[in-house]
Amino acid sequence: MIGRLIEGVPRRALILLGLLLVAALLAPLVASDYLLTVLILIFYFAYVGQAWNIMMGFAGQLSLGHALYVGLGAYSAAALFVHFGIGPWIGLLVAVPVAALAGAFIGYLAFRFRVGGVYFAILTIAVAEFARVGFDHLNWTGASAGLFLPVKQYAHNNLWLLRGHPVMFYYLLLVATVLAFIGCRMLLQSRIGYFWLAIREDEEAARSVGIDTFRYKMVAVVISASMTAFAGVVFAFYYNNLFPEQVFNIAQSIEIILGPIVGGIGTLFGPILGAFVLTGLAETLTAALAAIGVDIPGAKQVFYGLCLLLVILALPDGVWPWVSRRLGLGGDGK
Amino acid sequence: MSALLKVDGVSRRFRGLVAVDQVSFAVPEGAIFAVIGPNGAGKTTLFNIIAGVFAPDGGTVAFAGERIDSLPPDRICRRGIGRTFQLVRPFPALSVEDNVVVGALMKRSNVGAARAHAHEVLRRLDLYDKRDLPAASLTLPDRKRLEMARALATDPKLLLLDEVMAGLRPTETDHIVAVLKEINREHGLTILLIEHVMRAVMALADRVLVLHHGAKIAEGIPTEVVRDPAVIDSYLGVEAVE
């Protein structure tokens, strides 16, 4: 299986990946507390970006409402923990199906009634907004006042209950990112991956070679939503508080998709690189501004806008295909 | 020979305009059957009805003895009908090889086996050397051949070709004609083609159907049909017969 996974990957790319992985594994030993929180954020966005990329980059379906799946995952697991003391790993058994169902609902509506392109994107926004307003009034999860997970000082990390030091969350998200990367590569190399790319490229032509486009688009949405729900669970247990206005906000959805766009939509490494570039630079900017005592509200958003503008103008396929060519790793970025 | 495809009284209207008017014909298994006619005669609409893009307003289409006129395009392909598009639409960002692999995966679940089959089809259509190029970078003749390769890779029993010779030079036309004849002979593939290039129709077709204003005006073997006064009048013109 490993043989198939690395088949056709240039040696240099493997060595580079190995070095990156070692660096990521060792990072907490040297990183300050602040840098660690930035790295956690980076891997969070790298992971969710990959999940989003399955829908957009592989199957060509633009979701602007991925905050929905983050929020549903986060609220499901957090509510189970707060109300019944059910741990996050068991909570996943609820969180993932809830998000998958929401994805299937959106997918069914859109794909059955041929809602495509921009209208599909609007539908994803609409459902996420609907959830935001709904959770604002759902007393069981604290409504607009928020849902809080009990925070105690834990003597040691408890991976089973996800209570503990940020380092634990760092490794958890690192592992999730690596697994998502491997999973995406396996998907792309399989039959379903080819069918997704065909649908992305030309849906009518895809149907003409026998692809049941409805079915494969549904699979893409459900996989993407399920993966994103896991990130939501980690989000809830890392931050320990959830507000509908925050988790379901459209700004969340946009932030999720910026990484893959900057890194390279449809590439495997793009979402990871994009998260590093965007989140890394934005946090550096925030820190630098704070250090010189300047407080500009919205500086991060302006920065994101500038990044996006630059990438669209200079590297419309994203940063990764360009980096990949520069490093002599081949253009497709696998 | 039994009829592989049987079109019976098929009609299709677009906002009152009759695009296809009660057309009936049968394509025997193993035949090469051509549909000709002036622009706007309803040829592509007829094709789209067979391929499942449109449902007919009236009439039936049967393939291998079963009705297919209410099925969507993907299920029609899985029944064994492959098609090309008049305005070519390969998957532009995918390589030539991957375009054909997608087609080959229809009957194969294993990507390796699909790739091996794709190589075979690419060799047959002389695209093997270009297999690593992105489809978008191909010339029009090559893209047309790629469409045929992608459709052939699905292992169809019936291949629908929508003007694959249009815009090709005569030598290229002759080449495609030779390839199609070979596939027809060796694999018994039945071919239904829409074609304007009479050179190809005369060389290929066992039987020709002529459409005019959506209706059938003639059907028969090519040498007879081109002498039919109604056909000459509506479509070919006098000089084409010589």
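This is a predicted model: local features need pLDDT of at least 70, side-chain atom pairs count only at pLDDT 80 or more; totals for chains, interfaces and linings use all residues.
Colleague: How do you know what confidence chain B has?
Modeller: pLDDT is the predictor's confidence in each residue, from 0 to 100. Chain B averages 91, and 97% of its residues score at least 70. Within chain B the lowest mean, 80, belongs to helix α9 (residues 229-236), and the highest, 96, to helix α3 (residues 96-104). For the complex the predictor gives an ipTM of 0.90 and a pTM of 0.91.

Colleague: Why is Gly49(A) called buried?
Modeller: A residue is buried if 20 or more other C-beta atoms lie within 10 Å of its own, exposed if 12 or fewer, and partly exposed in between, with C-beta atoms placed from the backbone. Gly49(A) has 32 other C-beta atoms within 10 Å, so it is buried. Its place is in helix α3 (residues 33-58) of chain A; helices (H or I, at least four residues) and strands (E, at least two) are DSSP runs, numbered from the N terminus.

Colleague: What is Gly49(A) in contact with, leaving aside its neighbours within four places in sequence?
Modeller: Two residues are in contact if their C-beta atoms, placed from the backbone, lie within 7 Å. On that basis the partners of Gly49(A) are Ile256(A), Gly259(A), Pro260(A), Pro271(A), Gly274(A) and Ala275(A).

Colleague: What makes Cys184(A) buried?
Modeller: Cys184(A) has 24 other C-beta atoms within 10 Å, and is therefore buried. This residue is found in helix α7 (residues 166-189) of chain A. Apart from residues up to four places away in sequence, Cys184(A) touches Gln50(A), Ile54(A) and Leu268(A). Cys184(A) and Asn53(A) are 131 residues apart in sequence, yet their C-alpha atoms are 9.2 Å apart in space.

Colleague: What is meant by the largest nonpolar core?
Modeller: A nonpolar core is a set of buried Ala, Val, Leu, Ile, Met, Phe, Trp, Tyr and Cys residues joined through C-beta atoms within 7 Å. The largest has 178 residues, and those with the most contacts inside it are Tyr47(A), Ala74(A), Leu173(A), Val234(A) and Ala149(B). Helix α10 (residues 213-239) of chain A gives the largest share of this core, 17 residues. Ala149(B) touches Val100(B), Val121(B), Leu122(B), Leu125(B) and Leu127(B), not counting residues up to four places away in sequence.

Colleague: How do you know which strands pair with β3(B)?
Modeller: Two strands pair if DSSP finds at least two bridges between them. Four bridges join β3(B) (residues 32-36) to strand β8 (residues 190-194) of chain B, in parallel, and β3(B) also pairs in the parallel sense with strand β9 (residues 207-212) of chain B over four bridges. Ala34(B) has Leu193(B) as its bridge partner in β8(B), while Phe33(B) has Arg207(B) in β9(B).

Colleague: Why is β3(B) described as mostly covered?
Modeller: Five of its five residues are buried. Ile32(B), Ala34(B) and Ile36(B) point one way from β3(B), and Phe33(B) and Val35(B) the other way.

Colleague: What makes β2 and β5 of chain B edge strands?
Modeller: The open sheet has the order β2-β1-β4-β5 (chain B), with antiparallel pairing. β2 (17-28) and β5 (66-67) of chain B each have a single partner strand, so one side of each is left without a neighbour in the sheet. β1 (residues 3-14) of chain B pairs with β2(B) over eight bridges.

Colleague: How many residues of chain B are in contact with chain A, and of what class?
Modeller: 23 residues of chain B are in contact with 17 residues of chain A. Of the side of chain B that touches chain A, 14 residues are nonpolar, three polar and six charged. Here Ala, Val, Leu, Ile, Met, Phe, Trp, Tyr, Cys and Pro count as nonpolar, Asp, Glu, Lys and Arg as charged, and the others, Gly among them, as polar.

How values were computed
Residues are numbered from 1 along each chain as its sequence is written. Chains are lettered from A and ligands numbered from 1 in the order in which they are written.
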